Amino acid sequence: MISRRSFGKALGFGTGAAAVSLAGLGSAQTASAASGAPLGTPAAHTGFPRLKQVRAGLLDVGYAESGPAHGPVVICLHGWPYDIHSYVDVAPLLAAQGYRVIVPYLRGHGTTRFRSGRTFRNAQQSAIALDVIALMDALKIEKAVLAGFDWGSRTADIVAALWPERCKALVSVSGYLVTNREANLNPLAAKAEHAWWYQYYFATERGRLAMQDKGLRRDLTRLVWDTVSPTWDFDDATFERTAAAFDNPDYAAIVIHNYRWRLSLADGERRYDALEKRLAARPVIGVPTITLDAERDPFTAPGDGASYRDRFTGAYEHRTLAGIGHNVPQEAPAAFARAVVDADHLLGK
């Protein structure tokens with residue numbers, strides 16, 4: 001079985017690759033440069049050993065899989081504008097400890113496709129959460145640790161809140177991210193609104209056209225990477241590996257619908273109304289949870305997790321990652337992997 005002590009040992013990735021040490025990250029509330037190497041160190045991995053496809057609900061889901069086929073399952077969920085490569089260094093860390101790691105492309109990304117051309121390209125939060133349930137059903141996964149950031153955090157939070165029997169434990173970057181559309185109608189402080197500039201851009205026809213244009217889309221998403229991860233010295237190749245996932249034919253439609261739906265500028269589908277009504281009530285999450293805040297992420301709420309602490313009623317820890325920006329698993333893979341293992345063992349502490 002996976003032990004906290006063994007996971008804390010240094011893991012090497014071969015000559016010329018960055019050595020990643022997890023030592024000292026197990027119970028720390030604050031971690032700095034949490035990959036165990038200086039910020040700007042090149043990624044140790046550039047791809048996944050196995051890419052697969054499976055029919056799951058409305059989708060033909062593309063996903064990466066690492067680790068033993070019968071190991072305890074971790075499902076890692078990416079955000080926007082990112083893809084499965086956010087977990088390219090997290091997955092081997094977890095696989096080396098015996099986990100079966102599943103990293104799916106969200107709808108509209110990479111090799112994930114809608115099974116029918118007639119299906120509405122819906123990106124409201126409950127629809128994406130149901131994609132994860134459908135994937136688990138298709139892969140015959142009864143229960144898994146769920147871990148995510150950005151869209152992935154929101155999706156994992158929803159599964160943990162509405163289907164706790166399917167979630168063994170949760171790692172959620174930025175805490176409780178379930179969207180409250182009524183609250184989203186209220187203005188924020190000017191600095192917070194500034195960070196969300198692209199959300200408002202996507203509310204315009206100009207923004208929609210930019211998402212459809214490959215060159216403009218790459219420029220826009222690269223700008224987001226630069227601004228929300230100010231200390232991450234990634235290279236062009238790292239960005240381009242992820243940007244390839246944005247060439248999915250449904251990418252623009254999914255991105256635009258997601259952000260417009262959040263601002264009540266686009267409708268969802270009536271079949272999800274009951275779920276959205278439950279989510280509007282801000283349901284608590286009772287599964288063992290570790291929340292992560294990234295110090296240099298402009299979207300990190302002040303208060304060191306205090307603003308969402310009451311939403312987590314089970315075993316719980318909160319950690320702040322010093323010097324880390326928005327793309328936590330790729331900027332700080334060791335700290336993220338450490339959180340996954342620790343969340344999986346919270347009840348045993």
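Q: Which residues touch the most other members in the largest nonpolar core?
A: This is a predicted model. In its largest nonpolar core, which has 100 residues, W80, L94, L170, F202 and F336 touch the most other members.

Q: And which helix gives the most to this core?
A: Helix 13, residues 333–344, with eight residues.

Q: Why would nonpolar side chains be together like that?
A: In soluble globular proteins, nonpolar side chains tend to be buried together.

Q: Back to L170. What is L170 in contact with, leaving aside neighbours within four places in sequence?
A: The contacts of L170 include L146, A156, A160, I285, V287 and F312. D157 and T289 are also among them, and so is A343.

Q: New topic: how many cavities of 30 Å³ or more are there?
A: Three. The largest cavity has a volume of about 70 Å³.

Q: What lines the largest cavity?
A: Its lining includes L59, V61, Y105, R107, I128 and D131. By type, the lining residues are eight nonpolar, one polar and two charged. Helix 3 supplies the largest share, four residues.

Q: What about S174, where is that?
A: S174 sits in the loop between strand 10 (167–173) and helix 5 (190–195).

Q: Is S174 buried or exposed?
A: Buried, because its relative accessible area is 13% and buried means under 20%.

Q: What does S174 touch, not counting residues up to four places away in sequence?
A: S174 touches L292, D293, D297 and Y308.

Note on methods
Residues are numbered from 1 along each chain as its sequence is written. This is a predicted model: local features need pLDDT of at least 70, side-chain atom pairs count only at pLDDT 80 or more; totals for chains, interfaces and linings use all residues. Side-chain values use heavy atoms; hydrogens and water are left out. On a 1 Å grid over the protein atoms alone, a cavity is a set of points where a 1.4 Å probe fits but cannot get out, and a pocket is an open set with protein on both sides within 12 Å along at least five of seven lines; lining residues have an atom within 4 Å of a point. Grid points are joined across faces, edges and corners, and a volume is the space filled by probe spheres set on the points. Helices (H or I, at least four residues) and strands (E, at least two) are DSSP runs, numbered from the N terminus. Ala, Val, Leu, Ile, Met, Phe, Trp, Tyr, Cys and Pro count as nonpolar, Asp, Glu, Lys and Arg as charged, and the others, Gly among them, as polar. A nonpolar core is a set of buried Ala, Val, Leu, Ile, Met, Phe, Trp, Tyr and Cys residues joined through side-chain atoms within 4.5 Å. Buried means under 20% relative accessible area, exposed over 50%, partly exposed in between (1.4 Å probe, protein chains only). Contact means heavy atoms within 4.5 Å.
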